[in-house]
Amino acid sequence: MRTPVVMTLGMVLAPCGLLLNLTSTLAPGWRLVRGFLNQPVDVVLYQGLWDMCREQSSRERECGQPDEWGYFAAEPVLAARGLMVTSLATTALGLLLASLGVRCWQEEPHFVLAGLSGVVLFIAGLFSLIPVSWYNHFLADRSVLPAPDSPVTVEVSYSLVLGYLGSCLLLLGGFSLALSFAPWCEERCHRCRKAPPGSLRRPSISTVYVDWPEPALTPAIKYYSDGQHQPRPAELGATSKPKVGFPMPRPPPKAYTNPVDVLDGETAADSQGASSRSTRPCHSSLPCDSDL
């Protein structure tokens, strides 16, 4: 089975978000301060969560600068330290679960584990997005994030931008991996529909069944013949059979007399000639009718 697109997309975006957040957490570039008095014009100060670096165009960067204004004690900085570290640890846990769920070495992915890793990565993106947004909101507020007074200016530096990008990538990657729950939910719902009910549901209202005796009913049809009650056909016995139909009257026999002894199509003369021929004796000298 091929790896689903949502899992592939999540496995690509989540490590990129982890790398960007790691760079944003460690690099001293959340805020850029420039325009110091009694300093060269090209001197800039990079402020991060753990360190501050001074940089000049003609010299190399010098880190470990002293905190003269109490910058590291500010609430946005302290909150960003804890939340960014938590985000990194949560991202590592989410990637571990994702690598086990996406299954590069198995036949089918583990959808539940992959979806759970997506939820963990999405939470890691929120952990990193909150401090980045909070810090950016109070970036120019010198009462919250201490900085020298004017003409010193403060600007957004590269670490803050990397933190925004890393948080967005973690949110997108976590959401993409969380979509792995869809096939698992669909399969589970399909099984629940096909599975027979474990036990019959008890009715909310008790039902009482009463076995009433059946009354003896009189036969609806009676058998009558000539105004007298007759027994049922089943009571007559197997030898007697009921008569079917109505008796038809038979015509009396007709007598046929033929005194002339004439058949149909013959005349009386023909009948007499035939009778005389039949009664005439046959002599030997004359031919008989039988010889003709």
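How many helices and strands are there in the protein?

## Overall fold

The protein has 6 helices and 7 strands, and keep in mind as you look around that this is a predicted model. If you walk along the sequence, the elements come in the pattern α-β-β-β-β-α-α-β-α-α-β-β-α.

Of the 292 residues in the protein, 28% are buried. The accessible surface comes to about 20900 Å², and carbon and sulfur atoms hold 61% of that surface. Among contacts with a separation of 6 or more, 65% are between residues 24 or more positions apart.

## Annotated transmembrane regions

An unreviewed UniProt entry carries the annotation "transmembrane region" for residues 78–99, 111–136 and 156–184. Here is how two of these spans look in the model. Residues 78–99 are 100% helix and 0% strand, with 32 Å between their end C-alpha atoms. Residues 111–136 are likewise 100% helix and 0% strand, and their end C-alpha atoms lie 37 Å apart.

## A nonpolar surface patch

Phe122, Leu126, Ile130, Phe175 and Leu179 make a nonpolar surface patch of about 440 Å². Helix α3, residues 111–137, gives the largest share of this patch, with 3 residues.

Where does Leu179 sit? Leu179 is placed in the loop between α4 (158–178) and α5 (181–194). Is Leu179 buried, exposed or partly exposed? Leu179 counts as partly exposed because its relative accessibility is 39%, and that class lies between the buried limit of under 20% and the exposed limit of over 50%.

Notes. Residues are numbered from 1 along each chain as its sequence is written. This is a predicted model: local features need pLDDT of at least 70, side-chain atom pairs count only at pLDDT 80 or more; totals for chains, interfaces and linings use all residues. Side-chain values use heavy atoms; hydrogens and water are left out. Patches are made of residues with over 30% relative accessible area and no salt bridge: like charges are joined within 9 Å, nonpolar side chains (Val, Leu, Ile, Met, Phe, Trp, Tyr) within 5 Å. Accessible areas come from the Shrake-Rupley method with a 1.4 Å probe; for residues, only the protein chains shown count as cover. A salt bridge is a side-chain nitrogen of Lys or Arg within 4 Å of a carboxyl oxygen of Asp or Glu. Helices (H or I, at least four residues) and strands (E, at least two) are DSSP runs, numbered from the N terminus. Buried means under 20% relative accessible area, exposed over 50%, partly exposed in between (1.4 Å probe, protein chains only). Contact means heavy atoms within 4.5 Å. UniProt positions are given in the numbering used here, feature names are shortened, and annotations may be inferred rather than shown by experiment.
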